[in-house]
Amino acid sequence: MNAKRKAIQLICRNSLLRLSSSQGRGQGRCQGARRALRTNNNCCGGQDVVTVRAFSSSQSSSSTSTSTSNNSNATTTSVSSEEVSKFSSMASTWWKVEHNPLISMNPIRMSFITQQIADHIQSNNSSNNIGEGVGEGNISYSSSGHGKGSRPYQPLKGLKALDVGCGGGLLSESLARLGADVTAIDPSVEVAKAAQIHSQSQDDCVNVQNINYRGGISVEDLAREYSDNSSSGNENLFDIVCVLEVIEHASDPNSLMQAASSLLKKPTTSKSINAENTSASAASLSQNAGGMLFVSTINRTAKSYGIAILGGEYITGKLPIGTHSWNKFLSPQEVEGLVGEFGMKEVERKGMILQPPFYDLRWYLDGSDYDVNWIGSYAYP
């Protein structure tokens, strides 16, 4: 035990020195990271399809192709072959809580998304009651997608959602359970297959079983498909685009965000709709309000290095060593700048904070602490 403790201390000390050097802020940053480390020491019709696309030579040569891209000459991509390989190896353990902290984080991500969508739609049509009760005490989000009453809780019914970098389908299944028509893409064929298998096993919710999983495809590939399809007008784009815990693994964050934003519905001029049947008119109303983009990632701070990397990977072992690269973490301001280049504005952001004791992996949303994990919503003005 003493030898193990000394080894961990050596790893932490060397890592903190590297952090200090890379930030150029000397002793203050090391002390901040040490403090952080001490704190953390402890559901529709249709059929599911996984479309498997061939990777380019810079990606995985072992992937099997059952369809070919219409944009074989396009080269722009945010996909890193190293990241694809890394997450493909995690396919079999994606839904095991001891191996994936995102399972415990997912409820607060969904709470943020549903509340933001409700606020966004209501702000564009104050006379409409779509989303009424979302985020309030009378109905609470649960993994089964049902509220406290006998009826299904489906505030996203009638909305089209895109899950970029879907992994094993944690977010995709939650969006579907809450009524959304979900398309889920991932550059890894293996994890997309694992996601489909898991969704097919959820016989309590048909909507989950009909998620459209597509493996071996990047968001740039999908954006080109929509661009090349002359019938893909604004009404065929997505009401919700989620890029959660993905951007920090991208080789080109700018390309990623440009493609993601291009797949989001733009607001139309008319913002007044008489929605007598709220569930049936959600999609048409969302076309007037425009869609919402959601991004969550980890801030690039000394505290995040201590908690997410040293704590999460080296100390607790909740994540495999090498899961994250601190230099790829992004601040809220950096992401806001990226989406701003494509005409979008930040609507809201929240920090996602671990409650002590940290081994329980219980999370809550905080409006002022964005030092480590954070989530933001963005829309066209």
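These questions and answers go through ring pairs, charges over rings and salt bridges in a predicted model.

Trainee: How many aromatic pairs does the structure hold?
Mentor: A pair of aromatic rings is described by the distance of the centres and the angle of the planes. Ring centres must lie within 6.5 Å to pair. The number of aromatic pairs in the structure is 4.

Trainee: Are the planes of Phe87 and Trp94 stacked, edge-to-face or tilted?
Mentor: The ring centres of Phe87 and Trp94 are 6.2 Å apart, and the planes stand at 55°. Planes under 30 degrees apart count as stacked and those over 60 as edge-to-face, with the rest as tilted. The angle of 55° therefore makes the pair of Phe87 and Trp94 tilted.

Trainee: Is Phe87 buried or exposed?
Mentor: Buried means under 20% relative accessible area. Phe87 has a relative accessibility of 17%, so Phe87 counts as buried.

Trainee: Where does Phe238, the ring partner of Tyr226, lie?
Mentor: The rings of Tyr226 and Phe238 form a tilted pair, with centres 5.8 Å apart and planes at 50°. The pair links distant parts of the chain, 12 residues apart, with Tyr226 in helix H8. Phe238 lies in the loop between H8 and strand S5 (240–244).

Trainee: Which residue has its charged end over the ring of Phe238?
Mentor: Phe238 is buried, at 1% relative accessibility. A charged end sits over its ring, 5.1 Å from the centre, and belongs to Lys160.

Trainee: What separates Glu83 and Lys86 along helix H3?
Mentor: Glu83 forms a salt bridge with Lys86, with the closest N and O atoms 3.0 Å apart. Both residues are buried. Helix H3 covers residues 81–88, and within H3 Glu83 and Lys86 are separated by 3 residues, about one turn of the helix.

Trainee: What is the relative accessible area of Asp221?
Mentor: Asp221 meets Arg224 in a salt bridge of 2.7 Å, N to O. The two are 3 residues apart in helix H8, about one helical turn. Arg224 is buried at 17%, and Asp221 is buried with a relative accessible area of 18%.

Trainee: How many residues apart in sequence are the parts tied together by Glu334 and Arg300?
Mentor: The side chains of Glu334 and Arg300 meet in a salt bridge (2.8 Å, N to O). Glu334 is in helix H12 (residues 332–340), whereas Arg300 is in the loop between strand S6 and helix H11, so the pair ties together parts whose separation in sequence is 34 residues.

Methods:
Residues are numbered from 1 along each chain as its sequence is written. This is a predicted model: local features need pLDDT of at least 70, side-chain atom pairs count only at pLDDT 80 or more; totals for chains, interfaces and linings use all residues. Side-chain values use heavy atoms; hydrogens and water are left out. Rings of Phe, Tyr and Trp (its six-membered ring) pair if their centres lie within 6.5 Å; planes under 30 degrees apart count as stacked, over 60 as edge-to-face and the rest as tilted. Buried means under 20% relative accessible area, exposed over 50%, partly exposed in between (1.4 Å probe, protein chains only). Helices (H or I, at least four residues) and strands (E, at least two) are DSSP runs, numbered from the N terminus. A charge sits over a ring if NZ of Lys or CZ of Arg is within 6 Å of the ring centre and within 35 degrees of the ring normal. A salt bridge is a side-chain nitrogen of Lys or Arg within 4 Å of a carboxyl oxygen of Asp or Glu.
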